[in-house]
Amino acid sequence: MNLTRMVAHCRNFLRPALNPGDLAVDLTAGAGQDTLFLYQCVGPGGCVLAFDIQAEALGRAMALLTKAGIPVTSLHPADGTRRRGVQLIGDDHRNLDKYLWGSPRGVVANLGYLPGGDPSITTSIQSTLQALTRSCERLAAGGRVAVVVYPGHPGGAEEAEAVTNLFSALPARTWQVLQLQAMNRRQAPFLLMAAKKEDKRALP
Ligand SMILES: C[S@@+](CC[C@H](N)C(=O)[O-])C[C@H]1O[C@@H](n2cnc3c(N)ncnc32)[C@H](O)[C@@H]1O
């Protein structure tokens, strides 16, 4: 078992927060693996909103999900309707609010570039911070946000620092925040995890 594979830890962190019928968000759909995982957690009665700015990524995600027999639609801006299945959204995740019709129980962001795609198209600091800030604000009580961060590509170290600062600043009264990383590999991907408290009382 590869203990440094952050995607596996990311899913293990998100899984307990997600129940059948929930709303979940994939801020970076890419090839669709994380979207597929979220759908498997929320089931046919739930909904996954999955964002990507690249047509190639949306096509790959669509193919993966369709092959798995999952209902996929392209989503229009939220009209208040509760929806089901996966909704692939060809828009910048900074526009999350336009599409979110409820409080998600789980949000994932796998940063960086599409594996096997154009490595110059990466997530960017401003969009990432905006999307994660709104995700944290809109997250349901008891919900979880997980971000896999890749400091190794051009611009990645700056984005890693900005996202780490954002998570570090989440108030401890409302959030439990963790970081997981391989200590003996320079510039290795790492995982940031934030769990929102269940109820309104502060953590002890
Ligand atoms: C590492 S890949 C995601 C991998 C994916 N979660 C999976 O399971 O295959 C990062 C993706 O983020 C997308 N991306 C970059 N900037 C974005 C933005 N501002 N909004 C939405 N998606 C973005 C890229 O196009 C790329 O497909």
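**Ligand and strands**

Mentor: Among the 23 residues around the ligand, those that come nearest are Thr28, Asp34, Asp52, Gln54 and His93. A residue is near a molecule or strand if one of its heavy atoms lies within 4 Å of it. This is a predicted model, in which local features need pLDDT of at least 70 and side-chain atom pairs count only at pLDDT 80 or more, while totals for chains, interfaces and linings use all residues. Residues are numbered from 1 along each chain as its sequence is written, and side-chain values use heavy atoms, with hydrogens and water left out.

Trainee: How far is the side chain of Gln54 from an oxygen atom of the ligand?

Mentor: An N or O atom in the Gln54 side chain lies 2.8 Å from that ligand oxygen. A polar contact is a pair of N or O atoms within 3.5 Å; within protein, one must be able to donate a hydrogen and the other to accept it, and residues adjacent in sequence count only if both atoms are side-chain atoms.

Trainee: And which part of His93 faces a nitrogen atom of the ligand, backbone or side chain?

Mentor: The backbone: one of its polar atoms in His93 is 3.0 Å from a ligand nitrogen. For Asp92, a polar side-chain atom is 3.1 Å from a nitrogen atom of the ligand. On its own the ligand has 610 Å² of accessible area, and the protein covers 96% of that. Accessible areas come from the Shrake-Rupley method with a 1.4 Å probe; for residues, only the protein chains shown count as cover.

Trainee: Turning to the strands, how many residues of β5 are buried?

Mentor: Five of the five residues in β5 (residues 106-110) are buried. Buried means under 20% relative accessible area, exposed over 50%, and partly exposed in between (1.4 Å probe, protein chains only). Strands (E, at least two residues) and helices (H or I, at least four) are DSSP runs, numbered from the N terminus. Gly106, Val108 and Asn110 are buried on one side of β5, and Val107 and Ala109 on the other.

Trainee: Which way does β1 run relative to β5, parallel or antiparallel?

Mentor: Parallel: β1 (residues 23-26) is joined to β5 by three bridges, and Ala24 has Gly106 as its bridge partner in β5. Two strands pair if DSSP finds at least two bridges between them. β5 also pairs in the parallel sense with β6 (residues 144-149), over five bridges. The chain crosses from β5 to β6 through helix α5 (residues 125-138) in a right-handed β-α-β crossover. Right-handed means that, with the strands pointing away from the viewer, the path from the first strand over the helix to the second runs clockwise.

Trainee: Which residues does Leu100 contact, leaving aside neighbours within four places in sequence?

Mentor: They are Leu23, Val25, Leu49, Ala78 and Arg138, where contact means heavy atoms within 4.5 Å. Leu49 is 51 residues from Leu100 in sequence, yet their C-alpha atoms are 7.9 Å apart.
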